[in-house]
Amino acid sequence: MKVFFLIILISTFTNSCSNDSSDVQGIEVENPDPDPTPLDPDSVGTDWEGLVVPPTAGEGKTWKLQKDLSDSFNYSFTGTPTEETFGDKWTNFYHNNWEGPGPTKWVRENVSVTNGELQIKATRNAGEMKSFEVDCNTDGVAETWTLPTTRAGCITSTRRVKYPVYVEARVRVANAVTASDVWLLSPDDTQEIDIIEAYGGKGEDNRNVWLAERVHLSHHTFIREPFQDYQPADIGTWWRKDGIDQWGGKWVRVGVYWRNPKHLEYYIDGIHVRTLSDKAFASRDVNGNWQYSYPKPLEGGKIPRDANGFQAVNVASSLEEANTLSTTSVIDPLDHLKNNMNLDKEMDIIINVEDQNWNACNGRTPKDSELQNVDNHTFKVDWIRIYKPIDKN
């Protein structure tokens, strides 16, 4: 879960892709209120019993809970430095031996399950340092940085998911500058879908205010060697909600409907807030109004940026119009995957905390004094549920 674009003039940015209409054009939105009738018998007794799955399953379809992947975390697991499987669904580390981005060092003992919640902590050992490379000044050349190590927890599912699938988690974002993450990643690390990536705390000195009031909704396509990374960089990928100045310490439901290889829908607290569909973007602004746009064409094989540093887009009146006018994929425009620009591989579910390189080199790494507040630096997950659409009969 990495973000590699520079945020420029973020405190003064005004969304230029305005749309006065609050109608949801071309996007189906299910009633987000709780449904008193369970979705299927397998939902009875779960922590989410009675909560409707926000997207529609499709004509002639219904949602079926994937019991072997979903988890209410109503059991206990004590943090341990040894490799363990818990709940019959998770291992207490990343999906390979990589120790983490930037100053992050994933350690198994920072993962536990208690009080009906998965708890993933960030801690620090005095004097422990880590070196990493990042192009912090965006001049095209990576620099070597050495900073205090941030120890953090990470878990990986023992089974994988693939479209069509809806994945949703109820989480309490850590009140910290670190990232609180629930995401999907292919075994070969080339395709990624970020369900939630939130940098929830402002920091003692308010150095993280802009990020703290937003939830990052994104995906990535990668070339591993030499390393290249694409992710959408339009303003809609940084979602805001009116009245919330920080997500740290708040409970929120965040879900992604990976409908097909070219279509992703994001839901927050049951409300549809963003769609990426083939060649078009649709995102709700801070007032809840839908904004429709599509990427401006590549320039010299690169994603063009506007004056504020975000991906340059054209405005449309609907998702359908945006797709009709667009010539550029929003899924894999740089053709990293060489597969007709599709997110099409099965993926692991990963839940973790990260101290990311691009953030840390800009001073947004936890201070020792901040880390003394353990609760602020604990990412909590109440439950995660996975549904697939199946035929009604």
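Tutor: Let's start with a definition: two strands pair if DSSP finds at least two bridges between them. Keep in mind that we are looking at a predicted model.

Student: What makes β10 and β23 a pair?

Tutor: Five bridges join β10 to β23, and the two strands run antiparallel. The requirement is at least two bridges, so β10 and β23 qualify as paired. For a place to look, find R160, which stands opposite D348 in β23.

Student: And why is β3 called a partner of β10?

Tutor: Strand β3 covers residues 90-91, and two bridges join it to β10 (residues 154-161) in the antiparallel sense. The rule asks for at least two, so β3 and β10 count as a pair. T91 has T156 in β10 as its bridge partner.

Student: Which bridges tie β19 to β18 and β20?

Tutor: Six bridges join β18 (residues 263-268) to β19, running antiparallel. On β19's link to β20 (residues 280-284), there are four bridges, again antiparallel.

Student: How do you know whether β19 is mostly covered or mostly open?

Tutor: Count its residues: six of the seven in β19 (residues 271-277) are buried. Buried means under 20% relative accessible area.

Student: What surrounds E265?

Tutor: Leaving aside neighbours within four places in sequence, E265 is in contact with residues including P55, Y257, R259, H272, R274 and T275.

Student: What makes the approach of E265 to H263 a polar contact?

Tutor: The two side chains are 2.8 Å apart at that contact. A polar contact has to be within 3.5 Å, so 2.8 Å meets the distance limit.

Student: What about the nonpolar side chains; which residues touch the most others in the largest core?

Tutor: They are L118, I351 and I384, in a core of 61 residues. Strand β23 (residues 347-354) gives the most to this core, with five residues. Beyond its sequence neighbours within four places, L118 is in contact with, among them, F73, F86, I155, I351 and F379. A second, separate core of eleven residues includes V53, Y257, Y267 and W383.

Student: How do you know that the whole protein agrees with a compact globule?

Tutor: For 393 residues, a compact globule would have a radius of gyration near 21 Å; the protein has 20 Å, so the value agrees. Its C-alpha atoms fill a box of roughly 55 × 55 × 40 Å along the principal axes, and 57% of the residues count as buried.

Student: How many helices and strands make up the protein, and what share of its contacts links residues 24 or more positions apart?

Tutor: There are four helices and 24 strands. Among contacts with a separation of 6 or more, residues 24 or more positions apart account for 72%.

Technical notes: Residues are numbered from 1 along each chain as its sequence is written. This is a predicted model: local features need pLDDT of at least 70, side-chain atom pairs count only at pLDDT 80 or more; totals for chains, interfaces and linings use all residues. Side-chain values use heavy atoms; hydrogens and water are left out. Buried means under 20% relative accessible area, exposed over 50%, partly exposed in between (1.4 Å probe, protein chains only). A polar contact is a pair of N or O atoms within 3.5 Å; within protein, one must be able to donate a hydrogen and the other to accept it, and residues adjacent in sequence count only if both atoms are side-chain atoms. Contact means heavy atoms within 4.5 Å. The radius of gyration is taken over C-alpha atoms; the globule rule is 2.2 Å times the number of residues to the power 0.38. A nonpolar core is a set of buried Ala, Val, Leu, Ile, Met, Phe, Trp, Tyr and Cys residues joined through side-chain atoms within 4.5 Å.
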